[in-house]
Amino acid sequence: MSDHDQSTQLAPPAGAAEPGSTKSDPILVVDNVVRHFGGMTAVDVGHLEVQRGVITALIGPNGAGKTTFFNLITGFDRPTAGAHWSFDGSALDKTSASRVARAGMVRTFQLTKALNRMTVMDNMMLGARGQTGENLFLSWLKPLWSNQEKEIRDKALGLLERFKLLDKQDDYAGSLSGGQRKLLEMARALMSDPKMIMLDEPMAGVNPALTQSLLGHIQALRDDGMTVLFVEHDMHMVRHISDWVVVMAEGKLIAEGKAGEVMANPVVIDAYLGAHHDTDLGDDALLEEGSDMEEQLADEVAEEETSREDQA
Ligand SMILES: Nc1ncnc2c1ncn2[C@@H]1O[C@H](COP(=O)(O)OP(=O)(O)O)[C@@H](O)[C@H]1O
Ligand SMILES: [Mg+2]
């Protein structure tokens with residue numbers, strides 16, 4: 001899809017869209033998702049729509065509430081009463097994580113200690129249950145899927161091939177490199193045929209040599225018709241692959257729009273400057289520790305505009 005088609009489809013108003021702006025074909029619609037920890041409000045999202053079939057980045061300073069928000073809408077945590085959210089037309093509030101996954105909304109998980117001690121193939125087989133967390137061991141013990149086992153195994157082999165992990169299928173997941181783990185997390189999430197995949201910091205701990213391949217895989221998901229929602233600290237990656245960017249700070253949505261617009265938005269710059277951004281932005285980030293962030297953002301925007309003009 002060309003850049004032009006994207007902007008027509010999303011039809012943002014001139015300049016940056018207001019946070020919570022409507023989308024032409026939202027797959028996810030969230031209302032009043034709030035979560036307090038003690039006296040602190042970690043998440044307070046009034047309204048959010050995620051457009052179907054595009055890559056949306058959720059960014060914001062460390063502690064903004066991004067991971068908590070992911071946990072809430074995927075059923076791994078419970079919001080305060082009054083929250084509503086729907087996915088692909090069905091209400092998802094008050095459902096369990098496994099039902100959310102079965103509805104087609106799947107988040108990746110970092111490999112836990114237990115998963116590290118299992119082989120790559122066994123991790124894939126677990127992914128087919130559309131379950132993560134504590135319940136997965138119960139589902140593993142139940143011989144529910146013996147009939148389907150071959151089908152599931154074939155699907156796993158296909159995905160492992162696509163993610164270049166086929167020769168690792170019998171290795172322990174714990175022996176994989178940082179980038180290979182990320183690929184496995186993604187491959188495992190795809191075992192349940194999600195409509196939307198949610199990635200929390202897919203680039204964290206990834207060797208730069210694998211970055212490009214990971215980016216390609218994420219774009220391929222979108223090109224296959226999947227919706228992608230990801231949290232990422234690496235602004236270079238956000239700029240490079242997002243069709244749309246939503247910004248969170250102190251639990252609230254503060255801006256959304258195209259990457260270039262959002263990163264030039266003074267509200268967003270203030271939110272990053274007001275936070276401990278040195279711990280927030282990863283090694284690969286263009287916004288390096290100790291640098292003048294505002295200047296860098298301005299430079300990036302200028303760079304982006306130049307390259308757009310070149311393309312036009
Ligand atoms: N289980 C928890 N108990 C208490 N506070 C939490 C818990 N999980 C997250 N928080 C707090 O909620 C805020 C949002 O955290 P988080 O969602 O992890 O932010 P982000 O992913 O944007 O960095 C932070 O202040 C964090 O310390
Ligand atoms: Mg987080």
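Author: Start with the pairing. Strand β6 (residues 105-107) pairs with β7 in the parallel sense, over three bridges. Two strands count as paired if DSSP finds at least two bridges between them. Helices (H or I, at least four residues) and strands (E, at least two) are DSSP runs, numbered from the N terminus. V106 has I197 of β7 as its bridge partner.

β7 also pairs with strand β8 (residues 227-231): the two run parallel, joined by five bridges. Here L199 stands opposite F230 in β8. From β7 the chain crosses through helix α9 (residues 208-223) to β8, in a right-handed β-α-β crossover. Right-handed means that, with the strands pointing away from the viewer, the path from the first strand over the helix to the second runs clockwise.

Now burial. β7 spans residues 196-200, and five of its five residues are buried. Buried means under 20% relative accessible area, exposed over 50%, and partly exposed in between (1.4 Å probe, protein chains only). Both faces of β7 are covered. M196, M198 and D200 lie on one side, I197 and L199 on the other.

A note on the basis. This is a predicted model: local features need pLDDT of at least 70, side-chain atom pairs count only at pLDDT 80 or more, and totals for chains, interfaces and linings use all residues. Residues are numbered from 1 along each chain as its sequence is written, chains are lettered from A and ligands numbered from 1 in the order in which they are written, and side-chain values use heavy atoms, with hydrogens and water left out.
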